[in-house]
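Thanks, everyone. I have one structure to go through this morning, so please look at the screen.

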Amino acid sequence: MIRQTWKAVVSLWEDDEAADPILYDPVHVAAVVVGCLFALGIVFWDLWALLVFEGGFLTKAMPFFQVILTSKTLKDFGYEGSPYALGIFEGWIVNLTALFIGLFLVAAIGWVLRHALQGGKPRH
């Protein structure tokens, strides 16, 4: 019993000749690093454009709904003309684009997770 335990402990530090050593290709490691930095950049830009750029999307949502649902007009919020003076709606194209990109990213992550939970099997 003691001899078997001793052999098991000693075999932990012995090199296993049968196992192939794990080799990392530098190109693959670099691709993972660059891919992660690219993904982080996309997420950072999306959140910045959605929440910070020209006041963010949320500061434009309430006035937009007030224009649609109440008697307020675009002039009440500083809008004078499309390319020149947009008032509070300055930067709405970037904010809306960031919203759609963010929704797409969330939907894509949901699709990947659902697909992974199904074991990679196609749905019928």
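This is a predicted model: local features need pLDDT of at least 70, side-chain atom pairs count only at pLDDT 80 or more; totals for chains, interfaces and linings use all residues.

H4 covers residues 92–117, which is 26 residues. From its first C-alpha to its last it reaches 37 Å, close to the 38 Å expected at 1.5 Å a residue.

Which residues of H4 are buried? Asn95, Ala98 and Gly102 are. In an α-helix there are 3.6 residues a turn, so residues three or four places apart point the same way. The cover over the buried residues of H4 includes helix H2, residues 26–51, and helix H3, residues 58–69.

H3 is also where we find Lys60. Lys60 is buried, yet it has no salt bridge. The nearest side chain of opposite charge is Glu54, and that is 6.1 Å away, where a salt bridge would need a side-chain nitrogen within 4 Å of a carboxyl oxygen. Leaving out residues up to four places away in sequence, Lys60 touches Phe53, Glu54, Gly55, Ile88, Phe89, Glu90, Gly91, Trp92 and Asn95. Asn95, as I said, is one of the buried residues of H4.

Last, the chain as a whole. It has 4 helices and 0 strands, in the order α-α-α-α along the sequence. Of its 124 residues, 12% are buried. The exposed surface comes to about 10,700 Å², with 72% of it supplied by carbon and sulfur atoms. Among contacts between residues at least 6 apart in sequence, 57% join residues at least 24 apart.

Note on methods:
Residues are numbered from 1 along each chain as its sequence is written. Side-chain values use heavy atoms; hydrogens and water are left out. Helices (H or I, at least four residues) and strands (E, at least two) are DSSP runs, numbered from the N terminus. The expected span of a helix is 1.5 Å times one less than its number of residues. Buried means under 20% relative accessible area, exposed over 50%, partly exposed in between (1.4 Å probe, protein chains only). Contact means heavy atoms within 4.5 Å. Accessible areas come from the Shrake-Rupley method with a 1.4 Å probe; for residues, only the protein chains shown count as cover. Lys and Arg count as positive and Asp and Glu as negative; His and the chain ends are not counted.
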